Amino acid sequence: MDKNSLFYDERFLETYAGSIINDPPTAIIELVANTWDAYSTSVDITWPSSKDNQFFEIEDNGHGMTRQEFQHIWRTFAYNRIAHGGQSVEPPSDIEGPPRQAFGRNGKGRFASFCFASEYLITSRKDGQEFVCRVHRTDSNPLILDEVSFTPHGVRGHGTKIVCRGVPRSIRLTEEKAREIIGSRFLANPAFKVSINGRPITFNDINDLIAKRRVDIEGLGSVEILQIDTKKSDKTTSQHGIAWWVQGRAVGSCKWSGSDYERVLDGRTSEAKRFTFIVKADFLNEKDAILEDWSGFREDNIAWRTTREAVQDRIREIIHEIGRVGREQTKSSVIEKHSNSINRLSLESKQRVTNFIDEVVENCPNFGEAEVSQLAGILTKLEQSQTRYGLLELLHSCEPSDYDKLHEILSQWTIGMAKVVLDEIQTRLKLINELRIKTKQVGIDEVHELQPLFERGLWMFGPQFESIEYTSNVGMTKVIQKLFRKTKGKGSRSRPDFVALPNSSVAFYGRPSFDEEFEQDGIDHVVIVDLKTTGLPLGSAEKNQIWGYVKELRARGVLKDHAQVSGFVLGDTIAPGEAEPTTQGEMVKIVPMLYGTILARAEKRLLNLHERVKDAPFLAEQHEELKRFVEPLPVRQNEMI
């Protein structure tokens, strides 16, 4: 088996290089950008013509390549231009100029010539040597290099020439359009000259894309701004930005600097890839504002700083004016999309929503129509909601990481689902919190306060009691109330669902049973909760009380013999030897339990969430309410008298 060969599908290069070999405008920009990266100052292009049987050619006077450099660069897929050559390139020894910022990044530009023909010859000269290589491809091999000739030394000059040959490809890009495309991106540096068919590309080739404006700088002079609009955003900002010219010579590189992004663009990334501004400020040379090597300006120079700020402000206004029509279209489209909802609002709310849309479109240029529409929809719903902007106040108080967590929650839960779950957790946490505080103050009156908690807290005794079918059984309660009437047993008028006794309170909860016809025919399972006051040890007598209730209920016909009974006797102490549950037959089980135990069980069943969220607002609010239960009421002196 041959382990050293790779196999390529015939579509590989089209997929890998993409528009570089299929889109002529992209291809020509890549080829010219390569000559820029080689620090050429003169580029000659021969535009293809089927009528004259003329193939595409491009020649530059840049650094060129040695045979070894060519072999390495052309044979390396995804060649990292920055890693091997750095972000900037110095001029050849016989050319003067500051370093240039390189455009190339991934080495795909070498495939651009395939956009014009099936193969090409590349000739390059550097360091006294010259090579000629034929570059072509097949269906199974995306790149084949056949050396035609090599001269190891004695060659003068430097530069590279590419001549397409083989089968020409049909392109619909005219010479005039090519001049416009190249001029709109590469005219910013007067030292970089490109010609097509012997005729230099000038500003006359981009008349439809250029506008001129003047800015007067108080006390310094007048600045001319040439605005070049490519009409379409490129993939990067590489060939765009602000180019400064002083007396016909470029100062530094054409780019968006840090202060430009802050003062001019303000987040407008699409504009950064579309506009180029050439600023002619000849008076800056007289003000000693330029560095000796013309690579930039002196940052501490007052004339430069004043001029830069004035120019930046004017360019910002220009970009803002150009985008006015688009912004108005965005506003109209968003308002129309939400018109039904907005029209249902009050006049005041409607005005707030429309003003908000205006502000977002004007001040957040990086937001597209989809984002503005989403924000408008949210604001409209807030105006319709009962809490209005309370949600925004809560979001404002969140940390950035909280937004990530909220995004994760809402991506996996609907708000309705999350509220159901959180409401149940909140109810149980508040129940634990209340139980914790009230069990610290247990007396006979407090026991009566505790009993209602267990109506919604049977789950604390175990998972088998989670069912919502367990409800307070008023019939059983009345039986026991009558049973203890002579012993001062009483039911609360406000709480007729449990029995208040001298040293305890008792409640009965039942789950119904059903016959074969699915009709309710009695009680299937009874839970009896008997809460004892403090200082009363739980022993046999207390457990037997529950057994007494069961016998009485059976005798009165309220409880069938086959019904299961779970009895719980709760107190703050258990008598020695009485901690084990007792049973009466197979259907009755009575368990003594400490208040602390039921509290620990409840917290464990909630995975100890109470400790982790003890500072939650709803728990803090409940703490304040429960202070009235724990703290004695103040007594005024005259009442004591």
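Let's start with how the chain folds back on itself: of the contacts between residues at least 6 apart in sequence, 65% join residues at least 24 apart. Keep in mind as you look around that this is a predicted model. The protein has 641 residues, and 42% of them count as buried. Its secondary structure comprises 23 helices and 23 strands. The accessible surface comes to about 35500 Å², with 50% of that belonging to carbon and sulfur atoms.

Now zoom in on a few of those strands. Strand E1 (residues 42-46) runs parallel to strand E9 (residues 193-196), and the two pair over four bridges. Within this pairing, Val43 has Val194 in E9 as its bridge partner. E9 also pairs with E10, this time in the antiparallel sense and over two bridges.

Follow the chain onward from E10 and you come to Asp205, in the loop between strand E10 (199-200) and strand E11 (210-217). What is Asp205 in contact with, leaving aside its neighbours within four places in sequence? The answer is Arg179, Glu180, Arg199 and Pro200. As for Glu180, it sits 25 residues from Asp205 along the chain, yet their C-alpha atoms are separated by 5.5 Å.

The side chain of Asp205 deserves a look too. It makes a polar contact with the side chain of Arg179 at 3.1 Å. A polar atom of the Asp205 side chain also lies 2.9 Å from the backbone nitrogen of Thr202.

Technical notes:
Residues are numbered from 1 along each chain as its sequence is written. This is a predicted model: local features need pLDDT of at least 70, side-chain atom pairs count only at pLDDT 80 or more; totals for chains, interfaces and linings use all residues. Side-chain values use heavy atoms; hydrogens and water are left out. Buried means under 20% relative accessible area, exposed over 50%, partly exposed in between (1.4 Å probe, protein chains only). Contact means heavy atoms within 4.5 Å. Accessible areas come from the Shrake-Rupley method with a 1.4 Å probe; for residues, only the protein chains shown count as cover. A polar contact is a pair of N or O atoms within 3.5 Å; within protein, one must be able to donate a hydrogen and the other to accept it, and residues adjacent in sequence count only if both atoms are side-chain atoms. Two strands pair if DSSP finds at least two bridges between them.
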